[in-house]
Amino acid sequence: MGTLYIPVETLLLDLGADVVVPPPCSQRTLELGTRLAPESACLPLKLGLGNFLEAEELGAEAVVMAGGCGPCRFGYYAQVQREVLEGAGHDLEMVVLEAPQGHLRELLAQLRRWVPGFTFGRFWRSFSLAWTKILAIDTVERSLQQARPREARRGGADAVFARFLTDCRRADSPRRVRVLQQEALEELAALSNPERTVVRVGVVGEIYTVLEPFANLYTERRLGRLGVEVVRRLFLGDWIREHLFRFRVQKERRHLAELAGPYLNHFVGGHGLESVAHAVEFARKSMAGTIQIAPLTCMPEIVAETVLPEVTADYGLPVLTLFVDEHTGEAGLQTRLEAFVDLLAGRSAKSVEG
Amino acid sequence: MRVGVPQALLYWTYAPLWLTVLRQLGAEPVVSGATTRATLDAGVKLAVDEVCLPVKVFYGHCAALVELGIDALFVPRLVSVEERAYICPKFMGLPDMVRHALGSRVRILAPVVDLRRKGSGYAEAVAELAGKLGRPARQAKQALGAGWAAQTEAETAWERGSLPLSTLGGVPPLPTGSAEKRLIGVLGHPYNVYDVQISLDLLGRLARAGWGVATAETVPRAAWEEGARSLPKELFWTLGRRVYGAAAHLMVSPTVEGLIHLVSFGCGPDSLVGELVRREAERRGVPFLLLTLDEHTGEAGVWTRIEAFTDMLDRREAGAPRPS
């Protein structure tokens, strides 16, 4: 999922595990996954399965996968993927990390079982390095979102980000990571033209399809090239905080529930409630529009999609919902994004005249 | 107070409980009646495309009830009705979704049942409902007691073969597991299996073709619970557990010749549960047919597939023994 592989690889390598990182998601990953996966399962399951198969080709003997306890389907992915792999005759052991909501201790106990020479002290050191990387990547990515629509040369900002990721992956100390972060931020600032007017658009939705650029067909990059500054609240760091240190985010959860309350009065699994809450927040911060991204048949996001028109009605916030699956076509997506951005530009021109 | 109760979704599972509770609390429940093509079409118009067929049908029933002139609509928010399990995200957001679909034209009664949290169980839900209906809290306890009695009685009848199709849906009873009938197991969420419009009368058609039908509701609780526990990790969807558990039980039952699994297109839990059932059936050599339904499903196509399936069962019966 997105850049998650970097901190996870860092953590496991540092702990002394022998790590294979599959290639980034590609058409091939999707085809491998789609061939074996249940037809109506959602896109992240299929891509995950493809990742496992590509890791196996590189010699992996076991794969690490997270578990969960619902109601989103993700919590049961690993079980189905294991069945599917076994059924297709793949001898790939699945290590399922059940992170039982907020019980970091149990997760550590699980890690202890399969990492040789595991101690909490050592784990803490490795974990801080991985955590520093996560925060650095999130910070640079936020800056990338601002730089894209303002870059002087097309693709310049993405090139800086790609180089930063490569260096960050190899970095072996938190200090080195912070140096890289600073360099990347300066480079991004240098190539942006602050004078350029941009349209600010919020992105909400299901976390995997939002964070994995291949899954959303590089929607954020496409938007950047259309002169859109993307703003989103979902980042890797927040996601991990939410799952491992639940007690620290109670206050924020209450805030989100208040924002979404008038439209959706209950947690619905996944990021359904967050999608509604973030859309309200974006509307109040006068974004030009919001785009919701989710896998086709995603249950929590369908609930959010149903009530989002009320946010549109109350705040005049245009919302575009994109459901993606293995059949999503590039041209069709590009056309929809262009039409949406044109609509936003037309609205803001009108408001200037009026 | 006239309280509208849509004959859709969990009506097919919990109607005895909630109808009794409503009556005990002095309300007059108005049930919307069987789904028709018109109900379905009205629901499709009110919903976003991606919502599954049974939820669209639910909207249709709600709209029909509002037309009838009711004082409130009963749409409980059933988050979790057993420990460590949810129903489905759509049920958690259902009152909000209905309110959006119908606008503010109607008052919605939405007691919350969430057994994962303290202080939001059935007792609290019914107490809240009593308050909304202007009844003292002490009546809530009695109403809930009567509700559970009715529910237990209904479930016992289902296990004995009087399906919700007739006890809740008013359709004349079908012949089920009599000794000389050959049996087909029909799996799926009750709101799909027993809704004649959604299921395209699957149960009736099978019965008229001479088949006996076993559904998840005919399987005793102990048996399906055991089946559900046979998975390495238990499912966290209530309906999915029931379907998988019943499937596991029916698969080893010597009188059941094949299984038909009815799912709605886009059903999240069933996209995984269905796969697990299919694989288990394959391992055990039990014939299995997956029927995916949505509002575009053509009746003729579905029936052709069912005929092909039953023909295949006939050939197996006449010819080679079951592979093991």
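Two residues are in contact here when they have heavy atoms within 4.5 Å of each other.

## What you're looking at

This is a predicted model, so local features need pLDDT of at least 70 and side-chain atom pairs count only at pLDDT 80 or more, while totals for chains, interfaces and linings use all residues. Residues are numbered from 1 along each chain as its sequence is written, chains are lettered from A and ligands numbered from 1 in the order in which they are written, and side-chain values use heavy atoms, with hydrogens and water left out.

## The inside

Let's start with L129(B). Leaving aside neighbours within four places in sequence, L129(B) is in contact with W18(B), V21(B), L22(B), L25(B), F74(B), L109(B) and P111(B). L129(B) also belongs to the largest nonpolar core, which has 114 residues. Such a core is a set of buried Ala, Val, Leu, Ile, Met, Phe, Trp, Tyr and Cys residues joined through side-chain atoms within 4.5 Å. Buried means under 20% relative accessible area, exposed means over 50%, and partly exposed is in between (1.4 Å probe, protein chains only). The residues with the most contacts inside this core are L129(B), W18(B), L73(B), V98(B), L203(B) and L206(B).

There's a second, separate core of 46 residues, and its members include L45(A), V63(A) and L85(A), along with A223(B).

## Where the chains meet

How many residues of chain B are in contact with chain A? The count is 36 from chain B, against 39 residues of chain A. Together the two chains bury about 3,200 Å², with 67% of that on carbon and sulfur atoms. Buried area is the accessible area (1.4 Å probe) that two parts lose on being put together, summed over both. On the chain B side, H100(B), K233(B) and L272(B) supply 19% of the area buried against chain A, more than any other three residues.

Ten residue pairs are in polar contact across the interface, both residues being at pLDDT 80 or more. That term stands for a pair of N or O atoms within 3.5 Å; within protein, one must be able to donate a hydrogen and the other to accept it, and residues adjacent in sequence count only if both atoms are side-chain atoms. Which elements give two or more residues to the side of chain B that touches chain A? They are β4 (77-80), α4 (89-92), α5 (94-102), β6 (112-114) and α13 (268-284) of chain B. Of these, α13(B) gives the most, with eight residues. Helices (H or I, at least four residues) and strands (E, at least two) are DSSP runs, numbered from the N terminus. This side of chain B divides into 18 nonpolar, five polar and 13 charged residues. Here Ala, Val, Leu, Ile, Met, Phe, Trp, Tyr, Cys and Pro count as nonpolar, Asp, Glu, Lys and Arg as charged, and the others, Gly among them, as polar.

## Salt bridges

A salt bridge is a side-chain nitrogen of Lys or Arg within 4 Å of a carboxyl oxygen of Asp or Glu. The whole structure has 38 of them over all chains, and the count between chain B and chain A is one. That one pairs E83(A) with R283(B), whose closest N and O atoms are 3.4 Å apart.

Within chain A, E57(A) and R28(A) meet at 2.8 Å, N to O. E57(A) sits in helix α3 (residues 43-57) and R28(A) in helix α2 (residues 27-36), so the pair ties together parts that are 29 residues apart in sequence. Both ends are partly exposed, E57(A) at 49% and R28(A) at 41%. Another pair in chain A is R200(A) and E229(A), at 3.7 Å, N to O. R200(A) is in strand β3 (residues 199-205) and E229(A) in strand β4 (residues 228-232), so this pair also ties together parts 29 residues apart. R200(A) is partly exposed at 36%, whereas E229(A) is buried at 6%.

Most residues other than glycine have a negative phi. L217(A), however, has a positive phi near 50 degrees, and Y218(A) has one of about 55 degrees. L217(A) lies in the loop between α9 (207-211) and α10 (219-225) of chain A, and Y218(A) is placed in the loop between α9 and α10 too. Are they buried or partly exposed? L217(A) is buried at 15% relative accessibility, while Y218(A) is partly exposed at 31%.
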